[in-house]
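Good morning, and thank you for coming.

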Amino acid sequence: MSQKYFIVTYGCQMNVHESEKIAGILRRMDYVESDKLENADIIVFNTCCIRENAENHAFGNIGALKKLKKQKPETLIAVGGCMTQEKGKTEILRKKFPFIDIMFGTLNLEELESLIKRKKSQKKKVIEIREKEGEIIEFEDAYRTSYPNAWVNITYGCNNFCSYCIVPYVRGRERSRKPEYILAEVEKLVKEGYKEITLLGQNVNSYGADGSTGMTFAQLLDKVASIEGKFRVRFMTSHPKDFNEDVVRVMAKHEKICKLVHLPVQSGSNPVLKAMNRRYTREKYLDEIKMLRSYFPEAEVTTDIIVGFPGETEEDYLQTEALVKEVDFASAFTFVYSKRQGTKAAEMENQIPEEVQKDRIMRLVALVNSLTRKKSEKYVGKTVEILCEDYDEKKGLYLGRDEFGRMGYFASMENKIGEFVQLKVTKANGISLFGEIDQ
Ligand code: SAH
Ligand code: SF4
Ligand code: F3S
């Protein structure tokens, strides 16, 4: 009988995709998916440490396994992901949860198979966290669970060292995948029937910046979008310091490329941007939006924003609000600044009191929601192309997204997952659209 696995994922798209790679490794080892923790022979936590609450979630859920492990000591418990790469964290995890069997890092994920085998042959726990990034290891058998969407890594790691961010410390320096591997992967996915390809990197615009790939991000994007077939192309994340007109020109050349850019601004205030080490100004950011919309007036932009960064004054915060209104984002992920040990910002004076942070995030969320709602209402009466992604059991409706990432729901007698449908929008509700399709 096959053994069963269960994976718990935290964090960004990159981690979600890495969990697909972990699932690929486990399936190669004759494990099959389980829908219950209790039935699993191995449980893998793929952790995130971007903010304190991400870590707390992981701590809470790993801790909750203590009982299960007592009842079923043969269940293997493995912890990987960004948290294990954090300085001193493996020690803390080990002390807090002595029942963890295996720990592995983001830089040696592909060793998981041998680590599991090793653990099975010894009593001692197996801890293998690679400190320094090596050559990229090409990985063929990810077990994808997100059909019709597929994620494709183009870069790993990050060189930017934004002063608040832990990512460069836990993901190593930026490495770009060779274009031939990326293109072969996309071609294969399109042949297999995937309808949306998202190119992933912490800063996709710096693809090949070290000269190792012989092409820029714009050139790579052009090649990806030139692959034959009906599918969409997305990319994330773009960094405003490197986003440029070459990329927009390629977007204009290909219908396949969604006219949506995820361009995290983080703050609308120049002194805060400087302290964050983002290396662009508010003016540069707004110029980029103008440039993008000069090509496509309908283009949408989504963003990430942090409030309560050390030293952020009320005036700085209001500058962020003003920028949000000016850009009119399609949606925004909003975060309260979270202090990360080892980063520059953690050492800064003028940390902002929690009440002030809370007040600002509440005001910002209200503003973002009101803008998003207004945008959704403009859709009513229009027809949009939706790529159907899933079926919502509770609502009894199919759902998918349009080119601009907006969710659309509709009823259908037939399974439409993986198909493009024309949705006539009859109602908007917050960020979601509801409508009808021709059956
Ligand atoms: N590489 C991407 C983002 C990666 S992390 C970029 O440069 O934009 C995703 C988002 O988490 C960031 O955009 C930022 O808004 C947020 N974030 C990162 N570190 C944070 C911290 N210490 N506190 C709060 N939010 C943080
Ligand atoms: Fe973090 Fe900045 Fe790198 Fe994004 S670009 S991952 S925010 S250091
Ligand atoms: Fe992603 Fe979290 Fe790591 S956001 S890169 S999983 S710290």
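The lining of the second largest pocket comprises 7 nonpolar, 6 polar and 10 charged residues. In this classification Ala, Val, Leu, Ile, Met, Phe, Trp, Tyr, Cys and Pro are nonpolar, Asp, Glu, Lys and Arg are charged, and the others, Gly among them, are polar. Please note that this is a predicted model, in which local features need pLDDT of at least 70 and side-chain atom pairs count only at pLDDT 80 or more, while totals for chains, interfaces and linings use all residues. Residues are numbered from 1 along each chain as its sequence is written, chains are lettered from A and ligands numbered from 1 in the order in which they are written, and side-chain values use heavy atoms, with hydrogens and water left out.

The volume of this second largest pocket is about 530 Å³. A pocket here is an open set of points on a 1 Å grid over the protein atoms alone, with protein on both sides within 12 Å along at least five of seven lines; a cavity is a set where a 1.4 Å probe fits but cannot get out, and lining residues have an atom within 4 Å of a point. Volume is the space filled by probe spheres set on the points, which are joined across faces, edges and corners. Among the 23 lining residues, Gln-85, Glu-86, Lys-87, Tyr-169 and Val-170 are the closest to the centre of the second largest pocket. Helices H4 (89-96) and H6 (167-171) each give two or more residues to that lining, and H6 gives the most, with 4 residues. Helices are DSSP runs (H or I, at least four residues), numbered from the N terminus.

How many cavities of 30 Å³ or more are there? The count is 1. The largest cavity has a volume of about 290 Å³, and its lining has 6 nonpolar, 3 polar and 8 charged residues.

I turn now to the ligands. The residues around ligand 3 (those with a heavy atom within 4 Å of it) include Cys-12, Cys-48, Cys-49 and Cys-82. The shell of ligand 3 divides into 5 nonpolar, 2 polar and 1 charged. Around ligand 2 one finds, among others, Cys-158, Cys-162, Cys-165 and His-239. Gln-202 is listed around ligand 2 and also around ligand 3.
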